[in-house]
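Subject: Handover of a structure

Dear colleague,

Please find the sequence and structure placed below for your attention. I would be grateful if you kept them in view while reading the notes that come after.

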Amino acid sequence: MPALDATDVAPTPGRGASPRRFGSATALVCRECGATYDLSARYACEECFGPLEVAYDHPPVRRADIEAGPPSLWRYADLLPVPPDPADRPTDLAPGWTRLHRADRLAAELGMRRLWVKDDSGNPTHSFKDRVVAVALTAARTLGLSTVACASTGNLANAVAAAAARAGLRSVVLVPADLEAGKIVSTAAYGGTLVAVEGSYDDVNRLCSEVAFDRADWGFVNVTLRPFYAEGSKTVGYEVAEQLGWRLPDQVVVPVASGSLLTKVDKAWRELGSAGLVEPTPYRVFGAQATGCAPVSRAFAAGLDVVAPVRPATIAKSLAIGNPADGPYALDVARRTGGAVGDVPDEEIVEGIRLLARTEGIFAETAGGVTVAVLRRLLESGQLDPDAETVVLNTGDGLKTLDAVVDVVGPTATIRPSYESFQEVGL
Amino acid sequence: MSVTVRVPTILRTYTKGAAEVTVEGATLADVVAGLDATYPGIGARVLDDEGRLRRFVNVYVDDEDVRFADGLGTPTPAGSTVSVIPAVAGG
Ligand SMILES: Cc1ncc(COP(=O)(O)O)c(C=O)c1O
Ligand SMILES: [Zn+2]
């Protein structure tokens, strides 16, 4: 079968037409103008350049069917653009179904009544990116693509390299050369091709977009396969609702880089509400950014619906996207739900990491530090209600960003191996 | 003032499949006008009804996002390369 490619301009009859190749997904629809396209490796509207999103015609989905599914994101396969039969999906590391921890000690410290941490560091490569990659690689396989590629701020690099290794696909990963050593090494370990680019993430992303024009047989998970990729983030929202006993929380705080995760958590909850799987109770969505890369937060504060790009300078490298493609939609969600988008300086990110680790035993990467620190700020400013049930997303693992805390945490004491020496510490 | 334009896949129907075309123009606005003169209709894909760059179009002159420069007023020196790219990012 010839590889499907982004250079197909007219919808090709037959392709995408075979039953249920993409589950109950029916088309790609432009978010801006509503133009529709067949399900293929395309991502931008030919009329207006708007981003394309997967549309569905779901048969009724029941709680019991989901609950009987596997302990991974595939329990929601019926709500994703994937073939229903697991045999038609690549072998993977079964990401998702991560823990939702009640966070009473953090809540007490912040003066909150009921707080939960959705801990996505429990994924196979320790970030929520394993979810989006699982769906994107399934699309790559369905479309007959043999190479998967991405531009990454680090976590996606890990996730693509690992999942491609497991699926037996070739991977080509492009990252900014100045990423944390932990993210470079842990990507390279999987043996795919890793290209370090001397530039910012936004440079890498632009480069990938240009390369994608002429590599029709490669699936760039976050460029050409983006409509599929992005759907994977919905599973964070589904899980939170199911783990709360099939209901929605009052407030959620989500880290924002491109803004995709935030918009997909909202999409997930709206879908569950309209499918009758949860009562459609109101909720407020809050976004979290680092002050050193806060294009969405700035636009929120300024009341704008366009997001002016910035040049990032922050320790939160996983969130260092200065030109966030889904920024306008993240703004829409925050405003529509009565939420907000906030930002915090690097010192507070480090404090946020330490606060979560100290109170809950969860060691987050910088993105989690951003989220906890913004939670605190929004409580202080009165934008977030301390009495309303709140979920914060920890999307990555602190072991990948040791650089951020290496100067501020360390041994309490270093002693000689003698009892006397131990006593001198005064414990 | 010859400028090379890298054409995104979704606009190549206008350029008969060409991935790169050459146009004249001292600023990005001139380049877009020049493109539209040679490939009628392409301008309206890149610009909205008010003549501004569309919300989901990113344009780079020599790899620099024009929103960091002067938008449509950004100079396009002879020999420069203009890239037109659908906005997409996240990773
Ligand atoms: C750990 C972590 N959290 C959150 C995000 C934000 O995701 P999005 O680009 O969907 O806003 C990223 C993205 O790179 C990430 O690596
Ligand atoms: Zn459109």
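Predicted model: local features only at pLDDT ≥ 70, side-chain atom pairs only at ≥ 80, totals over all residues.

Residues are numbered from 1 along each chain as its sequence is written, chains are lettered from A and ligands numbered from 1 in the order in which they are written, and side-chain values use heavy atoms, with hydrogens and water left out.

The contact between chains A and B

In chain A, 43 residues are in contact with 30 residues of chain B, contact meaning heavy atoms within 4.5 Å. The two chains bury about 3200 Å² between them, with 57% of it on carbon and sulfur atoms; buried area is the accessible area (1.4 Å probe) that two parts lose on being put together, summed over both. On the side of chain A, the residues that lose the most area to chain B are A:Phe49, A:Arg206 and A:Phe213, which together account for 26% of what that side buries.

Between chain A and chain B there are twelve residue pairs in polar contact, both residues being at pLDDT 80 or more. A polar contact is a pair of N or O atoms within 3.5 Å; within protein, one must be able to donate a hydrogen and the other to accept it, and residues adjacent in sequence count only if both atoms are side-chain atoms. Helices H6, H7 (226–231) and H11 (327–337) of chain A each supply at least two residues of the side that touches chain B. Of the elements in chain A, H6 gives the most to that side, with seven residues. Helices (H or I, at least four residues) and strands (E, at least two) are DSSP runs, numbered from the N terminus.

The side of chain A that touches chain B divides into 22 nonpolar, ten polar and eleven charged residues. Here Ala, Val, Leu, Ile, Met, Phe, Trp, Tyr, Cys and Pro count as nonpolar, Asp, Glu, Lys and Arg as charged, and the others, Gly among them, as polar.

Salt bridges

The count over all chains is 37 salt bridges, and seven salt bridges are counted between chain A and chain B. A salt bridge is a side-chain nitrogen of Lys or Arg within 4 Å of a carboxyl oxygen of Asp or Glu.

One salt bridge between the chains joins B:Arg6 to A:Glu210, with the closest N and O atoms 2.9 Å apart. Another joins B:Asp63 and A:Arg206 at 3.2 Å, N to O. This pair runs from B:Asp63, in the loop between strand S3 (57–61) and strand S4 (64–65) of chain B, to A:Arg206 in helix H6 (residues 201–213) of chain A. A:Arg206 is buried at 9% relative accessibility, while B:Asp63 is partly exposed at 42%; buried means under 20% relative accessible area, exposed over 50%, and partly exposed in between (1.4 Å probe, protein chains only).

Within chain A, A:Glu365 forms a salt bridge with A:Lys183, the closest N and O atoms being 3.3 Å apart. These two residues are 182 residues apart, A:Lys183 lying in helix H5 (residues 181–188) and A:Glu365 in the loop between helix H12 (346–360) and helix H13 (366–380). Both A:Glu365 and A:Lys183 are buried. A network of salt bridges links A:Arg31, A:Glu53, A:Glu231, A:Lys234, A:Lys264, A:Lys267 and A:Glu271.

The ligand site

Ligand 1 lies between chains A and B. It is surrounded by 17 residues, the closest being A:Asn155, A:Ser258, A:Gly259, A:Leu261 and A:Thr395; a residue is near a molecule or strand if one of its heavy atoms lies within 4 Å of it. An oxygen atom of ligand 1 lies 2.7 Å from a polar side-chain atom of A:Ser258, and an oxygen atom of the ligand is 2.8 Å from a polar backbone atom of A:Gly259.

A polar side-chain atom of A:Thr153 lies 3.3 Å from an oxygen atom of ligand 1. A:Thr153 is buried, at 2% relative accessibility.

Two backbone angles

Most residues other than glycine have a negative phi. A:Trp97 has a positive phi of about 50°, and A:His126 has a positive phi near 70°.

Yours sincerely
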